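This report describes one structure in plain terms. Look at the sequence and the model before reading on.

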Amino acid sequence: MVILGAGPAGLLLGNLLHGSGIDCVVLERADPDHVRTRARAGFLAANTVRILDRHGLADGLQRAGRAHSTCEFRTEDGRFRLDYGRLGRGERHTVYPQQELVTDLLNRFLDAGGRIRFETEALAVHDADSPHPTVTAREPDGRPTRWRARYVAGCDGRHGAARRSLPPGTLRHHHDHGATWLGLLVQAPPSLDAVGYAVHRRGFAGHMARTAEVTRYYLQCDRGTPADAWPEERIWHELDLRMRAAEHGPMHRGPVLHRTVVDLDSDVVEPLRHGALLLAGDAASLLSPSAAKGANLAVLAAELLAEALVDDLAHGDPRALDQYSRRCLAHIWRAQEFSHWMVRLLHAVPGPYGRSPFDDSLRRTRLESLRTSRTHQDWFAENYVGV
Ligand code: RFL
């Protein structure tokens, strides 16, 4: 078994397969330091925690993760909070930075004797329609190599080799939400004890705790804005205005540690299996970060895929593998639907004729319904934490 990519999907899959006695190797383009320090997600769904716990991989997040169950919306009509831990299914998030989770999974894999080749870039998957697929790769010294396997798991993200190797005619749904976020990691404690979503005519602003000392902020910006375009004074000015700091309290300032620009788009590959090539995580589907689902879906897919591969390879039962794509896509589309709804709740995305007062009024009405309707709040909570 060859696994492409050592993100949450590839490393969980590697741990589960190795733990079941399936011979596997992980090929990872980056070096170990980069893999262990890449800051991205932070909100783990209850189901993600259950999956990791079920396989004895939740020690770190149980030790250092923090339960989280409140979000706050700030709009032109005031602010309101939803204690989503008491709504819907009563589930919470666990805040645990993705790089910590990846480090835990990597350490566990290596301690158990798992094989991983860092700085080895997969170039293409060949003969996926045969029982003897191969992966061509480039070794750290630039030498080409070829890996043989019974199956190849494409967990190498959106721009990886798995996606490039899909047969012509594969369906790829793509949706550009039209909005762009400047993502910031700031060396400062969280400014509020909730996820903050600010809907403002200057654009969206978001606040998400990461640790007691580090906070993630998002600011909607124009498409094409370079990550370093805004000086720090402008960032704090925009955050203060959009989060309405004058009314609701100041933002805790600190140095900006990291910046990234994210165009909000979504895509889904269908199906997720092409003979011996199976896709999971961002390679299968990319979500806008509006609802914090990507890492959670990656974990869910890795468990589904691991169970199906063990059935096939260890017990000769191919049924779960045959159903993998259909089962995984059901979760993916549900997450896509909710993320899409969140994007429309939080943004005034200019259409071809500029800002639309009609869309603005719909958005305001949607927020008002969320503020006042218990039924709507239950639906929100179930989807917000669920994957
Ligand atoms: P990853 O984590 O991208 O890992 C893929 C790995 O594959 C390697 N790779 C290759 N290796 C070999 N050969 C090649 N040709 C290769 N090409 C790539 C890469 O180096 C990498 O190590 O994918 P995976 O495992 O599918 O996990 C997906 C998640 O990382 C992603 O969905 C989330 O980070 C998305 N996301 C969030 N998800 C959440 O659930 N909650 C959040 O709060 C959240 N916040 C975010 C996010 C993503 C963000 N960005 C950067 C788009 C915040 C941001 C800013």
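## Terms and source

Helices (H or I, at least four residues) and strands (E, at least two) are DSSP runs, numbered from the N terminus. This is a predicted model, in which local features need pLDDT of at least 70 and side-chain atom pairs count only at pLDDT 80 or more, while totals for chains, interfaces and linings use all residues. Residues are numbered from 1 along each chain as its sequence is written, and side-chain values use heavy atoms, with hydrogens and water left out.

## The sheet

An open sheet of mixed pairing is formed by eight strands, in the order β6-β5-β14-β15-β16-β13-β17-β20. Two strands pair if DSSP finds at least two bridges between them. At the edges are β6 (78-83) and β20 (285-286), each of which pairs on one side only.

Strands β13 (residues 171-187) and β17 (residues 256-270) run antiparallel and are joined by 13 bridges. Histidine 175 has serine 266 in β17 as its bridge partner.

## The ligand

There are 32 residues around the ligand (a heavy atom within 4 Å). Glu28, Arg38, Gln98, Asp282 and Ala295 come nearest.

Polar contacts are pairs of N or O atoms within 3.5 Å; within protein, one must be able to donate a hydrogen and the other to accept it, and residues adjacent in sequence count only if both atoms are side-chain atoms. A polar side-chain atom of glutamine 98 is 2.7 Å from an oxygen atom of the ligand. A polar backbone atom of arginine 29 lies 3.1 Å from a nitrogen atom of the ligand. Helix α9 gives the most to the shell around the ligand, with four residues.
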